Amino acid sequence: MEKTLDVKGMTCNHCKQAVTNALQELEGVTRVEVDLDKGKAHVDYAEGKVTEEQMKEAIEDQGYDVK
């Protein structure tokens with residue numbers, strides 16, 4: 001499965017890395033690509049292993065908003 005999330009509040013490469021790491025730590029996530037300029041996080045994941053809500057929470061725990 002694939003999902004693209006709108007992430008608000010990322011301003012630098014540290015932000016990009018924080019979001020990437022948070023998503024990669026979730027069980028079931030197989031690939032993460034964060035586009036800092038567009039404010040997007042594209043996630044490939046195994047259906048049934050991780051939910052969109054869990055992804056949002058992981059990003060929000062890092063201090064960013066998900067729309």
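Visitor: Which residue is the bridge partner of K3 in β3?
Guide: That partner is V43. A word on the ground rules: this is a predicted model, where local features need pLDDT of at least 70 and side-chain atom pairs count only at pLDDT 80 or more, while totals for chains, interfaces and linings use all residues. Residues are numbered from 1 along each chain as its sequence is written, and side-chain values use heavy atoms, with hydrogens and water left out.

Visitor: Thanks. How many bridges do β1 and β3 pair over?
Guide: Five, in the antiparallel sense. Strands here are DSSP E runs of at least two residues, helices are H or I runs of at least four, and both are numbered from the N terminus. Two strands count as paired if DSSP finds at least two bridges between them. Also on this topic, L5 stands opposite A41 in β3.

Visitor: And what joins β2 to β3?
Guide: Six bridges, with the strands running antiparallel. V29, for instance, has Y45 in β3 as its bridge partner. β2 and β3 form a hairpin with four residues between them, and G39 in the turn has a positive phi of about 70 degrees.

Visitor: What's the strand order in the sheet?
Guide: The order is β2-β3-β1-β4, in an open sheet of four strands with antiparallel pairing. β2 and β4 (65–66) stand at the edges with a single partner strand each, so one side of each has no neighbour in the sheet.

Visitor: Where does α1 pack?
Guide: On the sheet, where α1 touches β1, β2 and β3. The direction of α1 makes about 165 degrees with that of β2. Axes are lines fitted to C-alpha atoms, for helices over the stretch in contact, and angles run from 0 to 180 degrees between N-to-C directions.

Visitor: Which strands does α2 lie across?
Guide: α2 lies across β1, β3 and β4, at about 30 degrees to β1.

Visitor: What does M55 touch?
Guide: Leaving out residues up to four places away in sequence, M55 touches L5, L23, L26, V43, Y45 and V50; contact means heavy atoms within 4.5 Å. M55 and L5 are 50 residues apart along the chain, with their C-alpha atoms separated by 8.8 Å.

Visitor: OK, the core. Which residues touch the most other members of the largest nonpolar core?
Guide: V19, L23, M55, I59 and Y64, out of 21 residues. A nonpolar core is a set of buried Ala, Val, Leu, Ile, Met, Phe, Trp, Tyr and Cys residues joined through side-chain atoms within 4.5 Å. The elements giving two or more residues to this core are β1 (2–8), α1 (13–24), β2 (29–35), β3 (40–45) and α2 (52–60). α1 gives the most, with five residues.

Conventions. Buried < 20%, exposed > 50% of the residue type's maximum accessible area, 1.4 Å probe, protein only.
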